[in-house]
Amino acid sequence: MGTGASAADTDSTGGVEFWRAPERAGWLTKQGEYIKTWRRRWFVLKQGRLFWFKDSVITRASVPRGVIPVAACLTVKGAEDVLNRPYAFELSTPRETMYFIADSEKEKEEWINSIGRSIVQHSRSVTDAEVVDYDSSRAAGDSMILALISEIPEFDLLCLKTCL
């Protein structure tokens, strides 16, 4: 799932200016896709994509080591019991489960919440008709639901996708 990208390759980056004003950024330890070693990487979450880099200094010329389109993700939840490591969490797609380790419980929860919100925001397809007819009370209700579930670290976002 995580694909490497060249600086000029807008297909994998989706045209996202990852170097500017990310929704969330920070260090995580990630398990390799093929060789299952653990490597510390700088992660940037922006506009429905989770990018990772070797270095925390990100510029327009930076080349992501990989990109995960979060709309393809089904769940994000704690994984300490799976990995037997503190501050671990997992991100699952229909094809694979990726594992990450944060530096603290607080960081882990913040990443889970940020990625979870991004999954919900970017996995919902909205047509022009829905935008025009969208009831403001429904929007307020959705915001309330998102605020409530963001407090539940083990929440299965697949359920949320079918409910909203």
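Guide: With pairing. Two strands pair if DSSP finds at least two bridges between them. Helices (H or I, at least four residues) and strands (E, at least two) are DSSP runs, numbered from the N terminus. Here strand β1 (residues 24-31) and strand β2 (residues 38-46) run antiparallel, joined by eight bridges. Gln 31 stands opposite Trp 38 in β2. A hairpin of six residues links β1 to β2.

Visitor: What kind of model is this, and how are its residues numbered?

Guide: This is a predicted model: local features need pLDDT of at least 70, side-chain atom pairs count only at pLDDT 80 or more, and totals for chains, interfaces and linings use all residues. Residues are numbered from 1 along each chain as its sequence is written, and side-chain values use heavy atoms, with hydrogens and water left out.

Visitor: How many helices and strands are there in the protein?

Guide: Six helices and seven strands. Along the sequence, the pattern reads α-β-β-β-β-β-α-β-β-α-α-α-α.

Visitor: Which strand does β2 join through five bridges?

Guide: Strand β3 (residues 49-53), and β2 and β3 run antiparallel. Trp 42 stands opposite Phe 53 in β3. The β2 and β3 hairpin has two residues between the strands, and there Gln 47 takes a positive phi near 45°.

Visitor: How should I read a positive phi?

Guide: Most residues other than glycine have a negative phi. Two further cases can be looked up here. Ala 21, not a glycine, has a positive phi of about 45°. Ala 21 sits in the loop between α1 (10-13) and β1. Tyr 87, also not a glycine, has a positive phi of about 65°. The loop between α2 (80-83) and β6 holds Tyr 87.

Visitor: Why does Ala 21 count as exposed?

Guide: Use the cut-offs. Buried means under 20% relative accessible area, exposed over 50%, partly exposed in between (1.4 Å probe, protein chains only). Ala 21 counts as exposed because its relative accessibility is 60%. Tyr 87 is partly exposed, at a relative accessible area of 32%. In the protein, buried residues make up 40% of the 164 residues.

Visitor: What is a nonpolar core, and which residues have the most contacts inside the largest one?

Guide: A nonpolar core is a set of buried Ala, Val, Leu, Ile, Met, Phe, Trp, Tyr and Cys residues joined through side-chain atoms within 4.5 Å. The largest has 18 residues, and Leu 50, Ile 68, Phe 89, Leu 91, Phe 100, Trp 111 and Ile 115 have the most contacts inside it. At least two residues of this core come from each of β2, β3, β6 (88-92), β7 (97-101) and α3 (105-123). The most come from α3, which gives four residues. Another core, of eight residues, lies apart from it; Phe 18, Trp 42, Val 44 and Ile 58 are among them.

Visitor: Is Phe 100 buried or exposed?

Guide: Buried, with a relative accessible area of 1%. Phe 100 lies in strand β7. Four of the five residues of β7 are buried, so that strand is mostly covered.

Visitor: Which strands pair with β7?

Guide: β1 pairs with β7 in the antiparallel sense, over two bridges. Lys 30 has Phe 100 as its bridge partner in β7. β6 also runs antiparallel to β7, with five bridges. Ala 88 has Ile 101 as its bridge partner in β7. Four residues make the hairpin from β6 to β7.

Visitor: Last feature. What lines the second largest pocket?

Guide: On a 1 Å grid over the protein atoms alone, a pocket is an open set of points where a 1.4 Å probe fits, with protein on both sides within 12 Å along at least five of seven lines; lining residues have an atom within 4 Å of a point. The second largest pocket is lined by 11 residues, with Gly 32, Glu 33, Arg 39, Arg 41 and Trp 52 nearest its centre. β1 and β2 each supply at least two residues of that lining.
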